[in-house]
Amino acid sequence: MLPSSGQVPSVLYDEAYFLSVCEGYQEFQSTEGELLSRRLAEALAVAGISEGMAILDIGCGRGEVLLRTASLGARAFGIDYARVAVQLSRRITVTAPGEPIGVYQASALLLPFQSETFDRVLMLDIVEHLYPAELAI
């Protein structure tokens with residue numbers, strides 16, 4: 001049965017999760033997000049991101065994908081349901097060169113943006129965190 005909110009409690013995703021279990025944690029730990037794991041880099045390459053695009057990373061986690069999209073000249077925005085993920089992302093993106101990277105705490109089920117705001121929307125490593133009822137929405 002789903003929790004009363006219908007979502008996995010965000011407190012289940014703590015800093016230990018993002019820094020020792022979540023995909024790419026070893027690369028993140030050793031480079032502060034400068035290097036992506038092979039799988040994340042390959043997934044991002046498929047997205048075809050180029051300069052001037054607006055990119056939304058749903059479930060931005062630690063923020064390394066935001067750093068990479070910004071380094072490609074895109075305007076990067078990220079949301080994550082977990083407060084600690086937002087804190088981690090903000091910590092590593094605050095000094096990124098170029099336009100500021102926007103990082104917000106929000107649910108993928110209720111995006112705080114207007115339709116057609118983004119050229120690409122990324123959802124890397126998200127589906128496995130959703131209940132079947134959430135996937136049906």
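Leaving out residues up to four places away in sequence, Gly-61 touches Phe-18, Asp-80, Ala-85 and Ser-89, where contact means heavy atoms within 4.5 Å. The model is predicted, so local features need pLDDT of at least 70 and side-chain atom pairs count only at pLDDT 80 or more, while totals for chains, interfaces and linings use all residues. Residues are numbered from 1 along each chain as its sequence is written, and side-chain values use heavy atoms, with hydrogens and water left out.

Gly-61 sits in the loop between strand S1 (54-58) and helix H4 (64-71). Helices (H or I, at least four residues) and strands (E, at least two) are DSSP runs, numbered from the N terminus. With a relative accessible area of 6%, Gly-61 is buried; buried means under 20% relative accessible area, exposed over 50%, and partly exposed in between, using a 1.4 Å probe and protein chains only. Gln-105 is 44 residues from Gly-61 in sequence, and the two are 11 Å apart in space, C-alpha to C-alpha.

One of the contacts of Gly-61 is Ala-85, a residue of helix H5. Ala-85 has 0% relative accessibility and counts as buried. Apart from neighbours within four places in sequence, Ala-85 is in contact with Phe-18, Gly-61 and Asp-80. Along the chain, Ala-85 and Ala-96 are 11 residues apart, and in space they are 17 Å apart, C-alpha to C-alpha.

The next element to follow is H4. Because six of the eight residues of H4 are buried, this helix is largely enclosed by the rest of the structure. The buried residues of H4 are Glu-64, Val-65, Leu-66, Leu-67, Thr-69 and Ala-70. Glu-64 has a relative accessible area of 4%. Not counting residues up to four places away in sequence, Glu-64 touches Glu-23, Gly-24, Phe-28, Gly-33, Leu-36, Leu-40 and Ile-92. Just after H4, Gly-73 takes a positive phi of about 95°.

How do two helices get described when they pack? Two packed helices are described by the angle between their axes and the distance between the axes. The axes of H4 and H5 (residues 83-93) come within 9 Å and cross at roughly 35°. Axes here are lines fitted to C-alpha atoms, for helices over the stretch in contact, and angles run from 0 to 180 degrees between N-to-C directions. H4 passes H5 in a right-handed crossing; a crossing is right-handed if the near helix is turned clockwise from the far one by less than a right angle, and left-handed if anticlockwise. On the H4 side, the contact is made by Glu-64, Leu-66 and Leu-67, and on the H5 side by Ser-89, Ile-92 and Thr-93. By class, this contact has three nonpolar, two polar and one charged residues. Ala, Val, Leu, Ile, Met, Phe, Trp, Tyr, Cys and Pro count as nonpolar, Asp, Glu, Lys and Arg as charged, and the others, Gly among them, as polar.

H5 has buried residues of its own: Val-84, Ala-85, Val-86, Leu-88, Ser-89, Ile-92 and Thr-93. Their cover includes helix H1, helix H2 (25-31), H4, strand S2 and strand S3 (102-105).

The structure also leaves open space. A pocket is found on a 1 Å grid over the protein atoms alone, as an open set of points where a 1.4 Å probe fits, with protein on both sides within 12 Å along at least five of seven lines; lining residues have an atom within 4 Å of a point. The largest pocket holds about 520 Å³ of space; grid points are joined across faces, edges and corners, and a volume is the space filled by probe spheres set on the points. Its lining has 31 residues, of which Gly-59, Asp-80, Asp-125, Ile-126 and His-129 lie nearest the centre of the pocket. H1 (15-20), S1, H4 and S2 (75-80) are the elements that give two or more residues to this lining. The lining of the largest pocket divides into 18 nonpolar, five polar and eight charged residues.

The second largest pocket has a volume of about 200 Å³. H4 gives the largest share of its lining, four residues.

Most residues other than glycine have a negative phi. Asp-125, however, has a positive phi of about 60°, and Glu-116 one of about 65°. Asp-125 is partly exposed at 23% relative accessibility, whereas Glu-116 is exposed, with a relative accessible area of 82%.
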